Amino acid sequence: MRVMFFDSSSAFNTIQPRLLRAKLENMQMDAPLVSWIEDYLTGTVLSPFLFTTYTADFQYHSETCHLQKYPDDTVIVGCVKNGQEDEYRDLVESFVRWSRENLLQLNVTKTKMVVDFSKSKSPPTPVCISGKDVEIVPSYKFLGVSIMDNPSHPLHNTVDKLRSSFSSRLLQPRCSKERYRKSFLPSAIKLYNSSKPTQ
């Protein structure tokens, strides 16, 4: 399992009014409302909503890869089997290219990758963005949840307890918090489970 956490520099301030207008028009929003948003609402408390709308045209979900956005946080989760990571790397490259085309600045030094649930001892080939290798880290805090690939991490036992006693699959934890349900975690667990043979 590979999880890439993208960091955008000043995300809400990078909304380009001209591009936002075109995206709103493509959503068939009324022209007067589009003009009002463009003229008065960019740079206001609605910035997170407008940023979500601005980035809504890039989505991806397959059996082995998933892109999750939560206002200005983007995560790509890939289930890599037998070293086959082409789809995962292609998705990362597509997202980086789309970000450039939409004038969004990725902060590569704050973008991190966690190799999670991996049985392989060899580290993956680094992912390079704008000439810089993305750092592979043993844990990362995302929306208040610590994601880790380290048996000594305090949450490792919690995740390990999610393993089914009948198979190597992970069970979805019971959680009523909205931020969990909207995070990448449910998709990551589904992708992980889909990579396991059924018994």
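In this predicted model, a residue is called buried when its relative accessible area is under 20%.

Q: Which residues point one way from β1, which point the other way, and are they buried or exposed?
A: In a regular strand the side chains alternate between the two faces of the sheet. From β1, Val3 and Phe5 point to one side, and the opposite side takes Arg2, Met4 and Phe6. With five of its five residues buried, β1 is largely enclosed by the rest of the structure.

Q: What is the order of the five strands in the open sheet?
A: Strand β1 (residues 2-6) pairs with strand β4 (residues 112-115) in the antiparallel sense over four bridges. Five bridges join β1 to strand β3 (residues 73-78), and these two strands also run antiparallel. The pairing of the open sheet is mixed, and its order is β2-β3-β1-β4-β7.

Q: Which strands stand at the edges of the sheet?
A: The order of the open sheet is β2-β3-β1-β4-β7. An edge strand here has a single partner strand, so one side of it is left without a neighbour in the sheet. The strands in that position are β2 (65-70) and β7 (135-136).

Q: Which residue of β3 does arginine 2 stand opposite?
A: Strands of a sheet pair through backbone hydrogen bonds, either parallel or antiparallel. On the β4 side, the bridge partner of arginine 2 is valine 115. In β3, arginine 2 stands opposite glycine 78.

Q: Which residues are linked with Arg2 in a network of salt bridges?
A: Side chains of opposite charge can pair when their charged atoms come close. Glutamate 85 and arginine 89 form a salt bridge in which the closest N and O atoms are 2.4 Å apart, and both of these residues are buried. Together with Arg2, the members of the network are Glu85 and Arg89.

Q: How many residues apart in sequence are the parts that the pair of arginine 21 and glutamate 38 ties together?
A: The side chains of arginine 21 and glutamate 38 meet in a salt bridge at 2.5 Å, N to O. Arginine 21 belongs to helix α1 and glutamate 38 to helix α2 (residues 31-41), so the parts tied together are separated in sequence by 17 residues.

Q: By about how much of the helix are glutamate 25 and arginine 21 separated?
A: These two residues form a salt bridge, with 3.2 Å between the closest N and O atoms. Glutamate 25 is partly exposed at 40% relative accessibility, and arginine 21 is partly exposed at 23%. Because they are four residues apart in helix α1 (residues 17-26), their separation is about one helical turn.

Note on methods: Residues numbered from 1 in each chain as written. Predicted model: local features only at pLDDT ≥ 70, side-chain atom pairs only at ≥ 80, totals over all residues. Heavy atoms only, no water. Salt bridge = Lys/Arg side-chain N within 4 Å of Asp/Glu carboxyl O. Buried < 20%, exposed > 50% of the residue type's maximum accessible area, 1.4 Å probe, protein only. Pairing = 2+ DSSP bridges.
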